[in-house]
Amino acid sequence: MRSTDASIPKCAPRAGEPFRRTLDAGGAPGPSYQRMTAHGAGRRRSAWPFEHLLCSVRLQQGGYPLAMLGLPTIVGEGVVLRALRPTDARALLAVFGDHRVTRMMAIRTLEDESGAVSLIHEIQSLARAGTLLQWGVVLPATDEPIGTVTLASIDRNNRRAELGVGLAHAYWGQGLATKAARTLLGHAFRTMLLHRLEADVDATNGAALRLLENLGFEREGVLRERWLVEGEWRDSVWLGLLAGQWSARRR
Ligand SMILES: CC(C)(COP(=O)(O)OP(=O)(O)OC[C@H]1O[C@@H](n2cnc3c(N)ncnc32)[C@H](O)[C@@H]1OP(=O)(O)O)[C@@H](O)C(=O)NCCC(=O)NCCS
């Protein structure tokens with residue numbers, strides 16, 4: 001979803017980066033995998049019965065299991081994360097057609113519904129390439145996206161990714177971003193077996209900093225004047241969360 005327009009601010013997926021880095025195409029998991037993660041249940045029979053062997057071989061080699069890439073539906077507490085579809089364009093426009101939301105992220109503000117449709121196609125294609133996974137955040141009662149959560153800059157060899165969250169302004173301050181991000185953390189660490197998540201947050205973005213620190217992210221440094229935002233240089237705060245820290249907090 002990231003714009004190639006580097007003049008736009010930041011948080012998670014670096015502007016343009018997903019388009020420059022293309023990893024091996026990862027096979028999208030099939031429906032059986034989706035059910036497995038949605039209910040947090042044990043592994044079900046996959047379309048290819050030896051898939052688990054492939055995963056363990058790749059992990060031993062330090063690689064990333066292909067089967068763990070994709071956008072399964074994930075049911076969290078009070079929110080559901082699911083793949084976006086072209087029919088979500090209007091809802092997505094309500095999120096990313098708002099400068100208050102896009103200002104802190106490396107994306108252009110959407111102008112119309114056709115821009116939202118293009119964005120959804122771009123998100124689908126990045127997911128197929130395995131470089132960026134962006135889920136719609138929906139409320140169970142409506143199944144309509146109120147925002148997105150993203151794993152960008154996915155590095156399979158080092159098992160890390162960059163986290164991003166953006167919600168429609170109307171839903172801010174209700175704890176929903178925290179619920180959505182927490183749901184994604186569970187998937188990233190437990191199912192995808194990532195080792196580290198990081199975030200690049202505008203130093204003035206109090207809500208994002210608070211959200212991430214509440215989830216256990218630690219500040220790891222300030223990168224001065226990293227982004228040129230509407231003619232103004234902005235500092236970034238880098239935050240990181242390790243799988244071990246995350247599971248220790250849950251005990
Ligand atoms: C960042 C964002 C997702 C937070 O959404 P939200 O719905 O307000 O988040 P939550 O309601 O879960 O609140 C998260 C925490 O931030 C706090 N918070 C909310 N607004 C704040 C602000 N302006 N300054 C400081 N803290 C703030 C909340 O009080 C809460 O902390 P608490 O539980 O200790 O009280 C939302 O503001 C957004 O979409 N912003 C635009 C995009 C963006 O900046 N994304 C960041 C990418 S990492």
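This is a short tour of the model, one selection at a time.

**Before you start**

The model is predicted: local features are described only where pLDDT is at least 70, side-chain atom pairs count only at pLDDT 80 or more, and totals for chains, interfaces and linings use all residues. Residues are numbered from 1 along each chain as its sequence is written.

**Stop 1: the whole chain**

Colour the chain by pLDDT, the predictor's confidence in each residue, from 0 to 100. The average is 79, and 73% of the residues score at least 70. Now select residues 1-62. Here pLDDT stays under 50. The model has 132 contacts for this stretch beyond four places in sequence. Two residues are in contact if their C-beta atoms, placed from the backbone, lie within 7 Å. Where pLDDT is low, the predicted coordinates should not be read in detail.

Switch to a cartoon view. The protein chain has 9 helices and 8 strands. These are DSSP runs, numbered from the N terminus: helices are H or I with at least four residues, strands are E with at least two. Of the 251 residues in the protein chain, 41% are buried. Buried means that 20 or more other C-beta atoms lie within 10 Å of a residue's own; exposed means 12 or fewer; partly exposed lies in between, with C-beta atoms placed from the backbone. Consider contacts with a separation of 6 or more: 64% of them join residues 24 or more positions apart.

**Stop 2: the sheet**

In what order do the 8 strands of the open sheet run? The order is 1-2-3-4-5-6-8-7, and the pairing is mixed. Two strands pair if DSSP finds at least two bridges between them. Find the edges: strand 1 (74-75) and strand 7 (218-229) each pair on one side only.

Next, select strand 6 (residues 196-202) and strand 8 (residues 232-242). They pair in the antiparallel sense over 7 bridges. Click V201: V237 in strand 8 stands opposite.

**Stop 3: strand 3**

Select strand 3. Why is strand 3 described as largely enclosed by the rest of the structure? Because 6 of its 6 residues are buried. Both faces are covered. L133, W135 and V137 are buried on one side, and Q134, G136 and V138 on the other.

Look at the partners. Strand 2 pairs with strand 3 in the antiparallel sense over 3 bridges. Strand 4 pairs with strand 3 in the antiparallel sense too, over 6 bridges. L81 stands opposite V137, and G147 in strand 4 is a bridge partner of V137.

**Stop 4: positive phi angles**

Stay with strands 3 and 4. Their hairpin has 6 residues between the strands, and D143 there takes a positive phi near 60 degrees. Move on to S153, in strand 4. Its phi is near 45 degrees, a positive value in a residue other than glycine. S153 has 21 other C-beta atoms within 10 Å, so it is buried. Then select R159, in the loop between strand 4 and strand 5. R159 is not a glycine, yet its phi is positive, about 50 degrees. Is R159 buried or exposed? It counts as buried, with 20 C-beta neighbours inside 10 Å.

**Stop 5: helix 6**

Select helix 6 (residues 113-129). Its 17 residues should span 24 Å at 1.5 Å a residue, and the end C-alpha atoms are 24 Å apart, which agrees. The expected span is 1.5 Å times one less than the number of residues.

Colour A116, L119, I120, I123, L126 and A127: they are buried. Look down the axis. Just after the helix, G130 takes a positive phi of about 80 degrees.

**Stop 6: R226**

Finish at R226, in strand 7. R226 counts as partly exposed, with 18 C-beta neighbours inside 10 Å. Beyond four places in sequence, R226 is in contact with R234, D235 and S236.
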